[in-house]
Amino acid sequence: MKSGYTYIILLMSFMAVEGITQIMQAQITKDIPLIPAPVSMVKSAETFTLPAKTVIGYSHKDLAFSAEYLKDFYTFLTSKRVQSKYYKKERAKGTIAFVIDPAIQQDEGYSLKIDKKHIVITGKSPQGVFYGVQSLSQILFAQKRAGDLRTLPCLEITDYPRFLWRGLHLDVSRHFFDKEFVKKYIDILALHKLNTFHWHLVDDQGWRIEIKKYPRLTEVGAWRVDHEGLPWNERPVQQPGERATYGGFYTQEEIKDIVAYAAQRFITVVPEIEMPAHVSSAIAAHPEYSCRQVPIGVPPGGVWPITDIYCAGNDSTFLFLEDILSEVMELFPSKYIHIGGDEADKTEWRRCPKCQKRIKDEQLMDENELQSYFIRRIDKFLTEKGRILIGWDEILEGGLAENATVMSWRGTEGGIAAAGMHHNAVMTPVTHCYFDYYQSLDRHIEPLAIGGFISLEKTYSYEPVPEVLTGEEAKHILGAQGNLWTEYMLSGNHVEYMALPRAIALAEVVWTPATGKDYAGFLTRLENQLDLLTSKDIHYYVPSVEGLPDTTHFKDTIRVELVNPYPFGEIKYTTDGSEPTATSPIYRNPFYLNRDTVVKAALFLKNGCSGRVKTGIYRKI
Ligand SMILES: [Zn+2]
């Protein structure tokens, strides 16, 4: 233990029962509001003042991007420039020094040390240093909020992630989002030390990736008739003569640009090329690879069930898919290639002579085993190319392909089954990780969503390793991921609103040791992060006020008690039926009503963002 330091290990303190440790821990959490919470942090009462001439020095060329990133952030905060300098051969000097140290054990690990003389970020790899930069950025931002950016607390952080796979997904098929938004989304991942972007490029309602060998996939498959004004599930299919004008796709050049942008931020882009189902867009372009071989249009909205899927009895289907996957592998260096595999309706396979012949020739039991045959064949192809197949948990049905990794979405059972068979799994259960679900019980004041309800606290409570797994099996749980299906999200702002702050909670789930999680502490730290997001023009959900019933009847008088779900921000309210604004009265204490009243209230954050207005109607009887 170094003298001069108040020695506090964040995680230990949660286990400690002494009140004083709790108070100190709460204070350190508030002062240094890092999200995700680091493995350990030691804070001193001493401070370090950034000099007027701050220099970022780095000792390895691969650290240049992190130096630029921190420079940009510093300029963003202060409008002042700092210098960066590359120190060849010698140990980096400067006010802020970046160092590579192979002695650090964890591949993505880093340490951040602020002492009275300088700041040093040490990583085992450039990736670790990048995460150290993210932590330092959060500290600088917190100091700015506190009014003195240049005076930093002396501290020492030792940190590394709990899981390898820290993912966020984006469906660009149901609605298309342009390259600039995809980059902004990647920025959001980077801010939270997430390292995997699962890019859902193919689905029924749009094929979004240019494939040179099959230009019709995007000429036809990327476009649908524009029924955006109608409810998702009530959109008529394309009629003869109707033009498909709604959609878009990424050229291969754009994809290379995005993949490189993500790689600079140590984010792997995992492409998803759906098969054998969720491919109406592909069949619209190439009906010859479906069982019926009948032309269909790209569905402009929800169609269920979708029975037109790839024909598993036709060898040319596999050649077509191998051609596509070959181009995909050229574009994406990711070890994992996601092939979907979910929700395949087998109606046409039951009727199709070719599919039935395949079942007979390959001595398969049924259509489930035919699906398994399909996935195994693709698994073999990807494995030969040195890649790993990952698919939704339906790929377990009829037998799991030899080298496959399972993405468990219908619950945790898929992940448990995979781990039990010594296959890897990524957990993304619909119970905690589906960020297209409502995040509030006040549905009627929220933008239309697909359904369900997953609160911030629910996501935060998620434990990716199911209890039933043995220690050995648990090693097969690679991590977890949040999914953003975009049937009901038409704009980037809306995607951000649905993703955040739940993705921030998930970031802590996949980074911070389980013993270090604490929802109350997380909420305390959240304010700093939300302010940071606002400063970067990133949108997020702000909760509605609790305690207001929609309509209630009372005799004589009734007590009204409003509750702010956050430990920050203020409730503002009105009792005259008008919409509350930033200048409305602040709610401080419960109050009483003795006549018919409409109470309207909303949560207002200091940064200007506010939650939706909740209305309570009180009727005296
Ligand atoms: Zn068939």
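**Fold, helix packing and local geometry of the predicted model**

Pro 36 is found in the loop between helix 2 (19-31) and strand 2 (40-49). The structure described here is a predicted model. In this model, a cis peptide bond joins Pro 36 to Ile 35. Its omega is about -5 degrees. A cis peptide bond also joins Trp 304 and Pro 305. Here, too, omega is about -5 degrees. Pro 305 sits in the loop between helix 8 (280-285) and helix 9 (315-331).

The overall fold comes next. The chain contains 18 helices and 26 strands. Its C-alpha atoms fill a box of roughly 80 × 75 × 45 Å along the principal axes. For 621 residues, a compact globule would have a radius of gyration near 25 Å. The chain has 27 Å, which agrees with that expectation. Buried residues make up 49% of the 621 residues. Contacts were also sorted by sequence separation. Among contacts with a separation of 6 or more, 69% link residues 24 or more positions apart.

Helix packing was examined for one pair. Two packed helices are described by the angle between their axes and the distance between the axes. Helix 3 covers residues 64-78, and helix 4 covers residues 126-146. They pack at an angle of about 10 degrees. Their axes lie 10 Å apart. Angles under 35 degrees count as roughly parallel, and helix 3 and helix 4 are therefore roughly parallel to each other. Helix 3 contributes Ser 66, Tyr 69, Leu 70, Phe 73 and Leu 77 to the contact. On the side of helix 4, the contact residues are Pro 126, Val 129, Phe 130, Val 133, Leu 136, Ser 137, Leu 140, Phe 141 and Lys 144. The residues of this contact divide into 11 nonpolar, 2 polar and 1 charged.

Gln 138 also lies in helix 4. With 19 other C-beta atoms within 10 Å, Gln 138 is partly exposed. A residue needs 20 or more such atoms to count as buried. Leaving aside residues up to four places away in sequence, Gln 138 touches Pro 33, Leu 34, Asn 528 and Leu 532. Asp 345 is 207 residues from Gln 138 along the chain. The C-alpha atoms of Gln 138 and Asp 345 are separated by 47 Å.

Strand 21 and strand 26 (residues 614-620) run parallel and are joined by 4 bridges. Thr 552 has Tyr 618 in strand 26 as its bridge partner.

Asp 393 gives a view of a loop position. It lies in the loop between strand 17 (388-392) and strand 18 (405-408). Asp 393 has 24 C-beta neighbours inside 10 Å, so it counts as buried. Its contacts, not counting residues up to four places away in sequence, are with Val 406, Met 407, Ser 408, Trp 409, Arg 410 and Gly 414. Ser 135 is 258 residues from Asp 393 in sequence. In space, Ser 135 and Asp 393 are 35 Å apart, C-alpha to C-alpha.

Backbone angles were checked at two further loop residues. Ser 79 is placed in the loop between helix 3 and strand 4 (83-86). Its phi is near 60 degrees, a positive value in a residue other than glycine. Ser 79 has 7 other C-beta atoms within 10 Å and is therefore exposed. The cut-off for exposed is 12 or fewer. His 278 likewise has a phi near 60 degrees, positive in a residue other than glycine. The loop that holds His 278 runs between strand 15 (268-275) and helix 8. His 278 has 23 C-beta neighbours inside 10 Å and so counts as buried. Ser 79 is thus exposed, whereas His 278 is buried.

Terms used:
Residues numbered from 1 in each chain as written. Predicted model: local features only at pLDDT ≥ 70, side-chain atom pairs only at ≥ 80, totals over all residues. Axes fitted to C-alpha atoms, helices over the stretch in contact; angles between N-to-C directions. Helix = DSSP H or I, 4+ residues; strand = E, 2+ residues; numbered from the N terminus. Parallel < 35°, antiparallel > 145°, perpendicular 65-115°, else oblique. Contact = placed C-beta atoms within 7 Å. Nonpolar A, V, L, I, M, F, W, Y, C, P; charged D, E, K, R; others polar. Rg over C-alpha atoms; globule rule 2.2 N^0.38 Å. Pairing = 2+ DSSP bridges.
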